[in-house]
Amino acid sequence: RGFARFVLRWRPYITPLEEICKRAPVGERAIEVGCGRGMLSVLLFISGKIKNVIGIDISKDAIDVAKDAAAALGAGIDFRRVSSFADWPKDTFDIVFCIDTLHHVAPEIQREFVRRVAGLCAPGCTLIFEDVPPFPWWRPPINTLHDLVVSRQRVHYHHPKEIAEWLATDGFVMIECTLLSRLWYGYYLFV
């Protein structure tokens, strides 16, 4: 768990969590798809912005760390390991977060993944979607190296314009599209 603590300690310096939290509305029920070690879910819960949070991720180790963190803070968050779309909750939510996750999904199912994320949204839901763009030219190699070391996996990027088109096809109206930077990492953020 030493490596997990290291990653959690440095995550706020490379991921714009404060920008995500700032845009998160107050809500009753939220889900974070690809919650990893649960940092965003815990932040949203302890801030009082969200009363009921479910975090899902494919990594058992990450979910174990998230559960430990939530228990240590007394945060009643439901962290669940999912191994396929069939394991995803059947409910819909007021707020859906998908942060730094899409590029970890196999390219052949990325479109279906976005469709499934959209399917978690109740009418009037706020979707906050953030991922890594394939530009400028020097950022993807750095992020790819980072993910090979930290996640031990090869990642796959899509242009934000393509993701915006997918979301529009799924019925979403974009109210904000922002490009953000942290150190040498870049992000696009959709609300």
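What covers the buried residues of α7 includes α5 (110-119), β5 (121-131) and β7 (185-190), where helices (H or I, at least four residues) and strands (E, at least two) are DSSP runs numbered from the N terminus. This is a predicted model, in which local features need pLDDT of at least 70 and side-chain atom pairs count only at pLDDT 80 or more, while totals for chains, interfaces and linings use all residues. Residues are numbered from 1 along each chain as its sequence is written, and side-chain values use heavy atoms, with hydrogens and water left out.

In α7 (residues 160-169), Pro160, Ile163, Trp166 and Leu167 are buried, buried meaning under 20% relative accessible area, exposed over 50% and partly exposed in between (1.4 Å probe, protein chains only). Seen down the axis of α7, these buried residues fall within an arc of 115 degrees, so they line one face of the helix; the arc is that of the directions from the helix axis to the C-beta atoms. The face turned away from the buried side of α7 carries the exposed residues Lys161 and Thr169. After α7 comes Gly171, whose phi is positive, near 95 degrees.

Rings of Phe, Tyr and Trp (its six-membered ring) pair if their centres lie within 6.5 Å, with planes under 30 degrees apart counted as stacked, over 60 as edge-to-face and the rest as tilted.

| Tilted pair | Centre to centre | Angle between planes |
|---|---|---|
| Trp184 and Tyr185 | 5.6 Å | 40 degrees |
| Tyr188 and Phe190 | 5.0 Å | 45 degrees |

Trp184 is partly exposed at 40% relative accessible area, whereas Tyr185 is buried at 8%. Tyr188 is buried at 0%, and Phe190 is buried at 1%.

Terms used:
Contact = heavy atoms within 4.5 Å.
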